[in-house]
Amino acid sequence: MPLPRSRSASQQHPANPDPRADPEAARAAAVALLARRDFASAELRAKLCSKGFEEAAAGQVIAELVARGVLDDRRFAEDYVNWHARRGQGPIRIAAQLRRCGLPEELVDAALASGPDWHALARRARSAKFGRQPPATWADKARQARFLQYRGFSSDHIGAATGANPDVD
């Protein structure tokens with residue numbers, strides 16, 4: 001006669017909560033992620049969901065972290081703008097990256113408005129790459145304009161940095 005099989009741990013305690021729905025596990029994962037770098041709230045929610053946590057558990061943790069001041073989208077946006085501007089990136093590129101993080105348009109606009117002088121930053125980025133002398137030929141102006149456009153500067157910023165105003169020349 002075969003011996004009766006013992007029940008597994010999950011069969012012995014059917015009330016064990018699903019770890020994906022556990023807010024404590026989601027909180028621990030969120031804190032571990034925030035220990036590495038700052039996140040926008042939508043970005044952190046997506047990250048938690050991609051790790052297998054349920055939307056409700058992730059939302060509860062996000063709400064708690066926002067209430068405690070650990071997560072602040074306005075602070076994240078301003079820090080992001082300052083960091084990337086110091087690296088020589090322009091407002092168009094930074095705004096696109098912030099939108100990908102899930103930030104609302106109002107926060108993106110406010111963070112960019114509180115950022116550096118974009119015209120001066122475009123001039124510094126151009127001179128760091130190409131030297132202090134302004135471009136002499138239209139070919140040089142075009143090459144430098146493409147560089148600044150890739151960096152995320154608008155045509156106004158590019159024109160001020162390269163002196164490429166066709167109405168004046």
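Q: What makes cysteine 101 count as buried?
A: Its relative accessible area is 10%, and buried means under 20%, exposed over 50% and partly exposed in between (1.4 Å probe, protein chains only). Cysteine 101 is therefore buried. This is a predicted model, in which local features need pLDDT of at least 70, side-chain atom pairs count only at pLDDT 80 or more, and totals for chains, interfaces and linings use all residues. Residues are numbered from 1 along each chain as its sequence is written, and side-chain values use heavy atoms, with hydrogens and water left out.

Q: How many disulfides does a search of the whole structure find?
A: It finds zero; a disulfide here would be a pair of cysteine sulfur atoms within 2.5 Å.

Q: Where is cysteine 101, and what is it in contact with?
A: You will find cysteine 101 in the loop between α6 and α7; helices are DSSP runs (H or I, at least four residues), numbered from the N terminus. Leaving aside neighbours within four places in sequence, cysteine 101 is in contact (heavy atoms within 4.5 Å) with Ala40, Ala42, Glu43 and Phe76. Cysteine 101 also lies 8.2 Å from phenylalanine 39, C-alpha to C-alpha, although the two are 62 residues apart in sequence.

Q: Which residues of helix α7 are buried, and how do you know on which side they are?
A: In α7 (residues 105-113), the buried residues are Leu107, Val108, Ala111 and Leu112. They cover an arc of only 130° around the axis, so they are on the same side of α7; the arc is that of the directions from the helix axis to the C-beta atoms. On the other side of α7, Glu106 and Ala113 are exposed. The cover over the buried residues of α7 includes α5 (73-86), α6 (91-100) and α8 (118-130).

Q: Why is α2 called oblique to α3?
A: The axes of α2 (residues 23-36) and α3 (residues 41-50) come within 10 Å and cross at roughly 120°. Axes are lines fitted to C-alpha atoms, for helices over the stretch in contact, with angles from 0 to 180 degrees between N-to-C directions. Angles under 35 degrees count as roughly parallel, over 145 as roughly antiparallel, 65 to 115 as roughly perpendicular and the rest as oblique, so α2 is oblique to α3. The residues making this contact include Ala26 and Leu33 of α2 and Leu44 and Leu48 of α3.

Definitions and conventions: Helices (H or I, at least four residues) and strands (E, at least two) are DSSP runs, numbered from the N terminus.
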